[in-house]
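I set out to record how two chains meet, and then to look up one residue. The entries follow the structure.

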There are 2 protein chains.
Amino acid sequence: MRTVDLIRRKRDGEELSSEEISFLIDNYTSGAIPDYQMAAFLMATYGSSMKDQEVDSLTERMVASGGVIDLSGVPGVKVDKHSTGGVGDKTSLIAAPLAAAAGAIVPMISGRALGHTGGTLDKLESIPGFRTSLTVDEFREQLRMYGLAFMGQSAEVAPADGKLYALRDATATIESLPLIASSIMSKKIAEGIDSLVLDVKVGSGAFVTKQLEARRLAQLMVGIGRRADKRVQALITDMSQPLGYAVGNALEVMEVSQTLQNAGPTDLTRLSLELAARMIFLGRITMTLDDARELAQRKLLDGSGYKKFKEVIQAQGGNAQVLDRFDMLPNATGVREITSPRNGYVSAIDAFSIGMASSMIGAGRDTKDDTVDPAVGVILEVKTGQKVDAGAVLCRLYYTKEDRLEESAEMVEDAFRISTVQPEERELILEVVG
Amino acid sequence: MRTVDLIRRKRDGEELSSEEISFLIDNYTSGAIPDYQMAAFLMATYGSSMKDQEVDSLTERMVASGGVIDLSGVPGVKVDKHSTGGVGDKTSLIAAPLAAAAGAIVPMISGRALGHTGGTLDKLESIPGFRTSLTVDEFREQLRMYGLAFMGQSAEVAPADGKLYALRDATATIESLPLIASSIMSKKIAEGIDSLVLDVKVGSGAFVTKQLEARRLAQLMVGIGRRADKRVQALITDMSQPLGYAVGNALEVMEVSQTLQNAGPTDLTRLSLELAARMIFLGRITMTLDDARELAQRKLLDGSGYKKFKEVIQAQGGNAQVLDRFDMLPNATGVREITSPRNGYVSAIDAFSIGMASSMIGAGRDTKDDTVDPAVGVILEVKTGQKVDAGAVLCRLYYTKEDRLEESAEMVEDAFRISTVQPEERELILEVVG
């Protein structure tokens with residue numbers, strides 16, 4: 001078997017066998033296949049795509065490149081939730097405590113902010129003392145005790161994916177659906193879960209901007225999961241405007257606290273409840289999805305989700321008091337108001353621009369090695385569809401340094417479209433796959 | 001300017017500016033852009049192709065990556081001939097002496113056999129003593145004396161092309177028309193020529209198998225040449241069966257000798273004369289192409305092409321006697337006859353298979369580092385369209401070692417199609433571009 005022949009065949013749109021995919025991934029991981037051949041293969045895959053069987057093989061070999069976390073000692077069905085990434089998307093911090101409060105076992109392994117998107121780990125680390133680098137033993141023990149633990153991905157999980165991801169990032173081959181799907185699913189499968197709820201974001205603030213593409217991605221991931229004997233469902237949800245009002249790490253933790261106390265934004269509450277319900281259902285706590293929805297709702301209203309989140313923060317070394325006393329969270333030193341230039345309706349709040357603008361003042365990262373400023377970000381004062389008067393505050397930009405502040409403020413300003421006609425309401429949950 | 005953005009834009013089918021192409025090629029040559037990013041760019045180019053302006057920029061930067069051979073001290077219009085590679089294609093060794101005998105100045109810089117195709121340098125080196133590694137001074141001096149000199153490409157000519165070619169070879173991106181065109185033209189332009197006759201082969205034994213593709217390649221190269229102020233014409237010629245009867249280095253030199261004595265195969269003689277005529281015309285020896293054709297014909301009939309080739313062999317250290325005494329050339333030790341399984345017409349002699357089979361027993365190279373056996377190869381006894389009886393000899397396989405002999409013989413046998421219906425005659429010269 002010659003690598004160049006496999007590249008040629010993929011280039012020409014042919015389907016590769018399991019053995020051929022294994023040859024490529026195993027030899028790439030070991031270093032026997034050089035980066036430049038894999039780069040050509042990735043670009044050929046970008047152009048030619050992959051059949052389901054190829055995506056399964058690719059996922060399977062990436063899982064096999066590292067260890068699988070053994071959660072068999074923890075009783076119960078293990079259910080995780082994963083979002084493809086968005087702006088203001090703090091649903092993991094709400095849905096996971098609700099599901100755990102309902103009795104689900106939630107081993108939540110999350111990522112960091114990159115580009116315009118936020119990351120669950122960065123949000124949690126804005127809580128003073130919170131420790132995301134658990135050992136696997138600590139992770140297991142906490143799951144047993146609380147039914148919920150948060151940690152970052154260890155380098156031993158799917159190392160082939162880590163190596164491939166870095167190469168894709170440098171070669172403009174991130175945006176290939178089979179590569180995205182196998183990358184996400186290989187990590188999730190290696191984390192020893194039984195069930196998975198996916199939130200596939202679509203819109204300007206997401207990796208995919210077309211619903212058709214989001215559906216194909218959701219179908220790919222659900223298919224991979226099912227064929228690997230995992231129960232998987234995917235929601236396709238709107239990411240044309242930020243979710244909730246807060247964008248930025250500590251700012252989002254504050255909004256999480258409000259939402260878990262049933263005082264959060266409507267869109268965020270609704271989506272978090274639906275995600276929690278599906279986690280509860282796939283975690284086999286209830287027999288029907290409707291029962292799960294009721295249970296999630298109850299866990300919100302009776303405050304047990306909120307209590308669960310506090311327990312887990314405490315368990316991971318964080319100061320849970322911050323959920324009641326926001327002044328104990330990192331706070332920005334400056335604030336800039338963005339106002340409406342005219343009377344009208346907010347017809348769009350471009351999520352990508354809001355995400356980039358926040359990232360630019362320190363809420364996110366340009367490259368993996370950048371550090372994050374937990375205090376900064378954007379708080380929207382309005383959402384799409386609302387009526388505003390000229391001069392009304394559209395949002396506030398919270399900053400600690402003046403670096404790139406003007407650029408960021410301009411970008412935020414440009415993110416808003418104010419028009420004379422009231423826009424049609426957009427669905428938040430667009431589709432369910434699986 | 002970020003490399004990954006240029007890769008993405010080419011991936012998405014966008015046109016890159018001259019500055020952007022320069023950035024890529026200059027930084028790749030210097031080592032600042034790694035192989036893996038260039039590999040992704042090449043595969044993206046394979047998929048998206050390039051506009052004329054991009055191909056021109058690419059060619060220009062590859063020329064600029066090294067030195068240009070200065071032939072200004074040699075009086076006269078310098079005209080070279082280049083074939084895109086075929087099986088049994090020894091026209092350079094016939095057309096160049098004819099053109100030089102007619103007064104053209106022919107600085108012929110050639111390549112080596114690779115895969116199923118032969119190489120002019122390897123054919124010349126089957127002549128005992130022949131030296132292809134001339135210095136540029138020797139090359140110039142010999143051009144001044146004889147109007148013809150043969151040499152290999154030096155590493156200083158278009159080094160960016162050399163680096164890119166090796167990467168393309170390993171990444172299944174050889175077969176991209178803009179990459180082929182710029183690779184060929186950058187080397188030719190860097191060789192200090194004024195005019196160029198291209199022989200674009202089409203058919204199973206060529207790099208392109210469809211006439212439409214060959215036309216596009218010819219148009220690309222003619223365009224690049226013209227915009228670089230070179231007079232360029234391209235013939236598109238049939239390479240579905242081998243050219244002439246001989247395939248293999250010393251075997252082809254024997255056929256060259258016969259052809260230069262006007263006792264060669266019809267197809268080979270005809271194409272060599274047409275190529276020589278166009279070299280004479282583009283070399284400004286005659287005012288019209290018809291005059292050039294007459295002159296080429298005369299130089300064949302009066303033996304002055306033959307004499308010129310002998311002079312040049314002598315001048316480059318070779319023993320010119322071999323052209324009259326074939327026993328002084330390397331000779332094979334074994335011969336295997338391939339016979340017809342039935343009565344009928346030869347409807348096809350697959351050039352690719354004949355080329356691969358010859359290469360397999362040593363006439364060619366799998367990889368650049370292999371050595372070539374000058375003695376071995378195939379001599380056809382028939383050509384497409386001929387009537388044969390069952391048991392008649394179709395060709396003879398000349399070998400010196402038994403390694404892979406059976407495999408090679410089977411491949412040769414499979415190359416022949418014998419059918420009951422006489423096939424339609426195929427045109428040899430299909431089109432002229434430029």
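**Interface of chains A and B**

I looked up the buried area between chain A and chain B and found about 1600 Å², with carbon and sulfur atoms giving 66% of it; buried area is the accessible area (1.4 Å probe) that two parts lose on being put together, summed over both. A:Arg11, A:Tyr36 and A:Met43 supply 37% of what chain A buries against chain B, more than any other three residues.

I noted that the model is predicted: local features need pLDDT of at least 70 and side-chain atom pairs pLDDT 80 or more, while totals for chains, interfaces and linings use all residues. Residues are numbered from 1 along each chain as its sequence is written, chains are lettered from A and ligands numbered from 1 in the order in which they are written, and side-chain values use heavy atoms, without hydrogens and water.

I counted contacts (heavy atoms within 4.5 Å): 19 residues of chain A touch 19 residues of chain B.

I then listed 4 salt bridges between the chains, a salt bridge being a side-chain nitrogen of Lys or Arg within 4 Å of a carboxyl oxygen of Asp or Glu. One of them joins the side chains of A:Arg8 and B:Glu175 at 3.2 Å, N to O.

**Residue A:Ser92**

I recorded A:Ser92 as buried because its relative accessibility is 7%, where buried means under 20% relative accessible area (1.4 Å probe, protein chains only). Leaving aside neighbours within four places in sequence, A:Ser92 has contacts that include A:Met108 and A:Phe150.

Methods:
Buried means under 20% relative accessible area, exposed over 50%, partly exposed in between (1.4 Å probe, protein chains only).
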